[in-house]
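Take a moment to turn the model around on your screen before reading on. We will then walk through it together, one region at a time.

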Amino acid sequence: MSKRRIAVPSMVPGGLDAHRSGHFGRCDVFTLIDIENGKVVNVDVINNVEHTEGGCLVPVNLLAGHKVDAIVVSGMGMRPLMGFRAAGIDVLIGQGVTVREAVNGYTAGTLQPMTEDYVCGGH
């Protein structure tokens, strides 16, 4: 596995031991994890931006600007899913309560890609 940067929507304060957020667009922060050869080599936390109605692509653009390769979520709507795909960012269904548990699922290769069958309504 080469170097990859993944994002996990998180509750404050972010980081590996933070709880994952159930709604990516309205999360407090994004924990960005750099993984190289299956190992965590760096962790950063960035604030989410204001999420206004119809603004589901704002977090997509934020994460694309931070060179994210994949996002691990509990769910999202069709519009941001399509936005992430257009930006070349993989969207994966996460496991666990904490960011660390989601990262462990990612490095173990057990996370499934999000498909249209899993999108939330109202987005």
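**Loops, strands and cores**

Asn37 is exposed, with a relative accessible area of 58%; exposed means over 50%, buried under 20% and partly exposed in between, using a 1.4 Å probe and protein chains only. This is a predicted model, in which local features need pLDDT of at least 70 and side-chain atom pairs count only at pLDDT 80 or more, while totals for chains, interfaces and linings use all residues. Residues are numbered from 1 along each chain as its sequence is written, and side-chain values use heavy atoms, leaving out hydrogens and water.

Asn37 sits in the loop between E2 and strand E3 (39-47). Helices (H or I, at least four residues) and strands (E, at least two) are DSSP runs, numbered from the N terminus. The phi of Asn37 is near 50°, a positive value in a residue other than glycine. Lys67, in the loop between H1 and E4, has a positive phi too, near 60°, and is exposed, with a relative accessible area of 65%. Most residues other than glycine have a negative phi, and most peptide bonds are trans. Look next at the loop between E1 and E2, where Pro13 is placed: a cis peptide bond joins Val12 to Pro13, with omega about 15°.

Now to the strands. Two strands pair if DSSP finds at least two bridges between them. Strand E1 (residues 4-10) and E4 pair in the parallel sense over 2 bridges, with Ala70 of E4 as the bridge partner of Ile6. E4 also runs parallel to strand E5 (residues 90-93), joined by 4 bridges, and here Ala70 stands opposite Asp90.

Which way do the side chains of E4 point? Ala70 and Val72 point one way, Ile71 and Val73 the other, and all are buried. Ala7, in strand E1, counts as buried because its relative accessibility is 0%. Beyond residues up to four places away in sequence, Ala7 touches several others, including Leu63, Ala70 and Ile71; contact means heavy atoms within 4.5 Å.

Finally, find the largest nonpolar core, which has 18 residues; Phe30, Leu63, Ile71, Met76, Phe84 and Val91 touch the most other members. Such a core is a set of buried Ala, Val, Leu, Ile, Met, Phe, Trp, Tyr and Cys residues joined through side-chain atoms within 4.5 Å. Strand E2 (29-36), helix H1 (57-65), strand E4 (70-73) and helix H2 (78-86) each give two or more residues to this core, and H1 gives the largest share, 3 residues. A second, separate core of 14 residues includes Val8, Val99, Ala102 and Tyr106.
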